[in-house]
Amino acid sequence: MPKFVTIGYGDRQGYDRTPQAVRDAAHAHDEKLRSEGAMIGIAGRPVQVRNPEGIETQVTDGSFMAASLPVAGFAIIEADSLEDAIQKVAKVPCAVAHGVVEVWPLE
């Protein structure tokens, strides 16, 4: 079955202004995805790793890319198609709490 990487973006403000019942349903949906085998995690503090020409590993604190919303979490899900993956993530916390979820097919 095809696998997809999802990246959820969202902030506390958007989460807090979402009705509690909607948030609860979104977290229950996350648990359903977990029970189906999805690997879901909340984003920690990132580091950038570079190793130009394999000579010296360089590590810098912070993310490489900037977005209007911070990265909130990641998941690896299985779905029959991109459309199925979209349906699966449409009800997760970042999607319903004024954030956004990217879906990346793994090829």
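The protein chain exposes about 7400 Å², and carbon and sulfur atoms supply 57% of that area. The model is a predicted one. Of the chain's 107 residues, 26% count as buried.

**Overall build**
- The protein chain contains four helices and six strands.
- Read from the N terminus, its elements follow the order β-α-α-β-β-β-β-α-α-β.
- Along the principal axes, the C-alpha atoms fill a box of roughly 50 × 35 × 20 Å.
- When contacts between residues at least 6 apart in sequence are taken, 70% of them join residues at least 24 apart.

**Nonpolar core**
- The largest nonpolar core has 11 residues in all: Phe4, Leu33, Ala38, Ala75, Ile77, Ala79, Ala85, Val89, Val92, Cys94 and Val101.
- At least two residues of this core come from strand S5 (71-78), and at least two from helix H3 (82-89).
- In soluble globular proteins, nonpolar side chains tend to be buried together.

**Surroundings of Phe4**
- Phe4 is a member of the largest nonpolar core.
- With neighbours within four places in sequence left aside, Phe4 is in contact with Ala75, Ile76, Ile77, Ala79, Ser81, Leu82 and Ala85, and also with Val103, Trp104, Pro105 and Leu106.
- Among these partners, Ala75, Ile77, Ala79 and Ala85 also belong to the core.

**Charge**
- The protein chain carries 15 negative side chains and 10 positive ones.
- The centres of the positive and negative sets lie 6 Å apart.

Definitions and conventions
Residues are numbered from 1 along each chain as its sequence is written. This is a predicted model: local features need pLDDT of at least 70, side-chain atom pairs count only at pLDDT 80 or more; totals for chains, interfaces and linings use all residues. Side-chain values use heavy atoms; hydrogens and water are left out. A nonpolar core is a set of buried Ala, Val, Leu, Ile, Met, Phe, Trp, Tyr and Cys residues joined through side-chain atoms within 4.5 Å. Buried means under 20% relative accessible area, exposed over 50%, partly exposed in between (1.4 Å probe, protein chains only). Contact means heavy atoms within 4.5 Å. Accessible areas come from the Shrake-Rupley method with a 1.4 Å probe; for residues, only the protein chains shown count as cover. Lys and Arg count as positive and Asp and Glu as negative; His and the chain ends are not counted. The place of a charge is taken as NZ of Lys, CZ of Arg, CG of Asp or CD of Glu.
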